Amino acid sequence: MPITVKTFGSAGEAASALSSDRAARYLGGGTLVMRALNEGDISISTIVRANDHALRRIDAAGPRVTIGAGVTFAKILAERDLAFLHAPARSIGGPAVRNMGTVGGNLFAPNPYGDFTVALLALDATVTVQGGFGARNVPIEEFLQSRDRQAGSLVISISCQKPTNSEAFRYRKITRIRPKGGSVITLAAYVPLSSGRLLDARLALGSMAPMPIRARAAERALEGRPLDASSISAAASAITEGTSPVDDALGSAWYRREIAGVHLRRLLSGQE
Amino acid sequence: MLELRKDIFADERDDNLKEIGKGTQRQDMLGHVTGTSTYFDDHKLQGMLHLKVVRSVHSHARLRRIETTEAEQSQGVRRIIRGADVPRNLNTLLSLINFGKDDEPSLAVDKVRYKGEPIVAVVADSPREASEAMAKVRIEYEPLPTVFDVEDALKPGAPVVNETYPKNTFTYYEKYDHQKLRFGDVERGLAQADHVLEQRYQMSPIEHAPTETNGSIAAPDTNGRYTVYTSTQALFFSVDTCAKILDVPSNTFHFIGGTVGGGFGGKVDTITEPLCILAAMLTGRPVRYVLGREEEMQYGPPRGAERIYITDGVMRDGRIVARKVRAYFDSGAYTRLSSYAAVKCAAHLPGPYTIPNVYGDVYCVFTNRTPATAMRGFGVTAMDFAIECQMDKLAHIVGMDPMEFRILNAYRDGDMKAHRREAKNTALIECVQVAAEKAKWPLRDEFKRASSRQGGGGARAVVPAATREAHAPTVAAAQQRTVYDRAPATAPSREPPPPPPPRPQAPSHGAARFSSVFGTRRR
Amino acid sequence: MSKTALQFRHNGRDVAIFVDGGTNLLVALRELIGDMTPKFGCGQGGCGACSVLIDGELHLACLTLAETVAGRSIETLDGIKQGPNLHPLQRAFADNFAAQCGYCTPGMLMAAKALLDRNPQPSRAEVIEAISGNICRCTGYEPIINAVLAAASSRARA
C-alpha cells in the first residue's frame, strides 16, 4: 500500500487524523518515522503532519517552562533560558540530528535513544496530549508507562519547573564512543537542597529498563539527608533496584548494573 | 610524515627510494572531494526494479514449506525467486582455486543453517512493494538443535550444521579435519621447562560496518550480456563466482566496480551479485539489490571468531623451549574463506620467534553462526593477539622486560622456522629496538646491540631429526602444571578438551597477576 | 500511485519534481534530480553520509520527508564548487589526505561547511563536535579534523 501524507494546519486536526487511523504515525523531526520507513516497516501507511506554530513554541521566561513538542534540540541549545536542558540536548546525536529531532519525538525513542526524556523524567515534567477528546495533562512517568498505547494521540507540549539553581539538576550520558554515541546508561538527577537537606530528590535512568524509569529506592536513600558521602553511597548501592537492563551491542545488562552506581556517585559528588 | 630508518640494513639495498617517505596525492582524490567518484549505487537506470530477500528467522531449521502465491500477486511484484530458480544453487567461494567443496546455496532449499540465511528473493517495482510482498511469503520451519560454540560443535552427537562437512570441520586435502604443525618434541620441551603457562584466548566476530552497504545493480545489455555495477572488493573473483552459479560463461558479464565505499574484507563474498543478475535475467529489467543497514550489521559476514589455547614452556633465563597451540576458527554455517583463514592461523605459528619445539592443531569449525569472511589479516590477527598476550605474561613470569624478552626469543637470519623454512631478512629485533627507542623504553645494552643478523643459524638451523607426535606428558616431579587439553593427540581427535580447570590458589611466586599461571621453578 | 508536486531550490537552481508519498529527500535528490553526491549509509541517522544543508542548516536527507522541503533551499556537495575552482574545504580535504574510500566525504564536507559558515574560526573541539554525526570507517578522523582547521585558516588568510 502506498504511503499517504496528510498535512494539517492545526495540531487538533492532526490529532483527530491520528486517532482514527491505526496505520498512521505522526512525523515530527523524522528521526523515528522516516527511519522505520527506510528499514521497510510496512505497518505505517499514513504520515500525519501539522504545521502548527504552537508545536514549535518555547515559553521559558517564568519559573515554569513549556516547550512545544516540535521544538528541536538545536532550538533548545539556542535558548538561554533553557540552560539547564543544554547538557541533555547536547548529548543527542550530531548537529544534523539535533537540527531535526524533537522533544516530543524523544518521548517515543526506544533504547538506546531517548536521553532527553530521561532529563524530563527527573524534572517530573508534564506532557500535554491532544487526543480525540481534547487536550489533557499527563505526568511524564505515567505517560511513559503507557507509551506503547499513545500512538493514537498527539503530544502538544512538555512543561516543567525550572530548577532553582544549576547544582540542583545534573545530567550524565555514558557512551562508548567520544564525543557521540548511543547510551550505555543515562542518568539525570534533580537534587534540590532545602536548609542543607534533600527534599523531593528525583533520579531517572535511561537504558536501564525498556523505557526511562525513576530510581525510587535510590531516591529514598537521599530523601531528607544532606548530599554527602554517606547519602550518595546509600543511593549508589540502591540505584539498580527495580531496573531491568538488557544486553545489547553497547553493553551487557551486567555491565550496566555495575556502572550505574559508579556514575551516580560521580554525578552526585560533582566528579568528572 | 613518515620517518625512514635507512641506517638499519643500509648495506642490503640501493638507497634510491623516490616515492616512499613523502606524500603522493591519491588518483581518486578529486572525485572524492567533489562527490563525483562513482560507487555502484550511483546509477539510476530506466525501469530499475528492487530486490530484497526473505531471511530465515531461525538459526537452524528444516524448511517444510515455502508458500509464495500471495506474494506473487502482491502489488508491484515482478518476480519471486526461489532456490530452484538458481541454475547452480550450491557453491563455495574458493572452488575457483579448487579448494573445498560446494556447500552454500544462494537461496536455501531444504534447510537453513544460520539466522538471516536468504530463502526467497522478491523483485518489485519499489523497495516498499518488495517489503510488502516479503510479508506475504509464508515459510514453515521445523527448528533443529543449534550449535554456536566451536568446541561444542566438535563433540560427538553435536548437531550437523552443514551436511557437506558432517563432522563440522572443514576437510583439508580430502583427508584431514584440521591443520597440523609439528616441529621437535613439544612434550619433552614442556617437561624440561622451568615454567609452563597455559592460557585460553577468545576473540569475537567483528562486523566490518562499511559506510556503503554491500550491493549491486545488474542490467541487461546487448548480445545477451549483463552490465553489473558492484561494491565488490574482488571484481574478477566475483565475475567467475557469478558465472559458476548462473552457469554461463564469464564473458556474459561486464562488471564495473573498483570504487568501494569501505570494504575491509567484508565485500569479497559475492553475496548480492548472483541473485541480482539472476533477477535481471528473469525480468529483463535492471535490478538493484542493496543490503539495508540492519541487514549489513546482522547478516553481512563478519571476521570469524577464534578460540586459541596456548601452552608454553619457558626457561628461567627467558628462552621459550616449547609452544603448543590448539585453535578453533569459527567459520559459521558455511566455508566461504575460513578454510584459508585456518591455514593462515597455522602458518603464523609460533609467531616471529625461534622455538625448538612447536606443536599446532588448527580447526576450521562449522557452527550455526553467520558465515565468516575476510577481514584484515584474518586468521593472523587473533593468533597474534593471543601470542603477544602470552609473550607479556611469560616475560612477567620469568621477571624479564617484555621488550627484551621478545628480542631474546626473536627469530634471526639463518634460524629454522617451525615450517621448515630458513628465516631470511628477519627484522623483529630491529623493530623492537626502534619501538623501544620511540617509546623511550629503556633496554639494556646487550639487547640494544642485538641484531637479526647475528646469533642465528648454527644449532638453531637444525630441523629436529625425529619429530614425534605428542605422547602422554611426562611431568617433572617439581613442575606443577594444570592441563587444559587432555585429548590424546596421537591421531586427529574429535574429543574436545575439558572445560578449563577451576582457578588455582594464588600462586606464591611473583606471577600473581595472571590468574592461571601455575608454573613453579623446577630446580 | 498518486504523486505530489514539489518545488525547491537545489544548489541555487529551482527544481520541480513529483514524489511518491513517503519519499525521503535522499531518494528525491539521487533518483529524481540525479544529484548523486549525498550517499546512503544507514537510513537511520547514524552515519551522516547523506548530510545536506536545508536553508543553511545541516540535515540528514535520508530522514527528511521530501515534501517538507517545499520552497526551501537545499545545498549539497554538488553545489559547493565555485565554477572550476574547488571550495577551500575541498582543497583542504585533498591536500590533507582527508579521504580514503571517499564515501563519507560528501557528508563530512557538508557538516564542515555548516560549521564554517557559522563559525569561520572554530577550535579543534568545535570541529570534532561538528563532524560527530558523521562516521568515517576508514578512520581518517585526524586528517579530516586537520583539513577543516586548515580550510578555516586558509580562509582567514585570504
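How are α11(B) and α12(B) oriented to each other? The views below are of a predicted model, in which local features need pLDDT of at least 70 and side-chain atom pairs count only at pLDDT 80 or more, while totals for chains, interfaces and linings use all residues. Residues are numbered from 1 along each chain as its sequence is written, and chains are lettered from A in the order in which they are written.

**View 1. Packing of α11(B) on α12(B).** Helix α11 (residues 402-409) and helix α12 (residues 428-438) of chain B pack at about 165°, with axes 9 Å apart; helices are DSSP runs of H or I of at least four residues, strands runs of E of at least two. Axes are lines fitted to C-alpha atoms over the stretch in contact, and angles run from 0 to 180 degrees between N-to-C directions. The two helices are therefore roughly antiparallel (angles over 145 degrees). Met403(B), Arg406(B) and Ile407(B) of α11(B) meet Ile429(B), Val432(B) and Ala436(B) of α12(B); contact requires C-beta atoms, placed from the backbone, within 7 Å.

**View 2. Surroundings of Val122(B) in the largest nonpolar core.** This core has 254 residues, and Val122(B) and Ala279(B) have the most contacts inside it. A nonpolar core joins buried Ala, Val, Leu, Ile, Met, Phe, Trp, Tyr and Cys residues through C-beta atoms within 7 Å; buried means 20 or more other C-beta atoms within 10 Å. Helix α10 (residues 381-397) of chain B gives the most to the core, eight residues. Beyond four places in sequence, the contacts of Val122(B) include Leu51(B), Lys52(B) and Met134(B).

**View 3. The side of chain A that touches chain C.** Here 22 residues of chain A contact 27 residues of chain C. The largest share of the chain A side, five residues, comes from α5(A).

Definitions and conventions
Two residues are in contact if their C-beta atoms, placed from the backbone, lie within 7 Å. Angles under 35 degrees count as roughly parallel, over 145 as roughly antiparallel, 65 to 115 as roughly perpendicular and the rest as oblique. A residue is buried if 20 or more other C-beta atoms lie within 10 Å of its own, exposed if 12 or fewer, and partly exposed in between; C-beta atoms are placed from the backbone.
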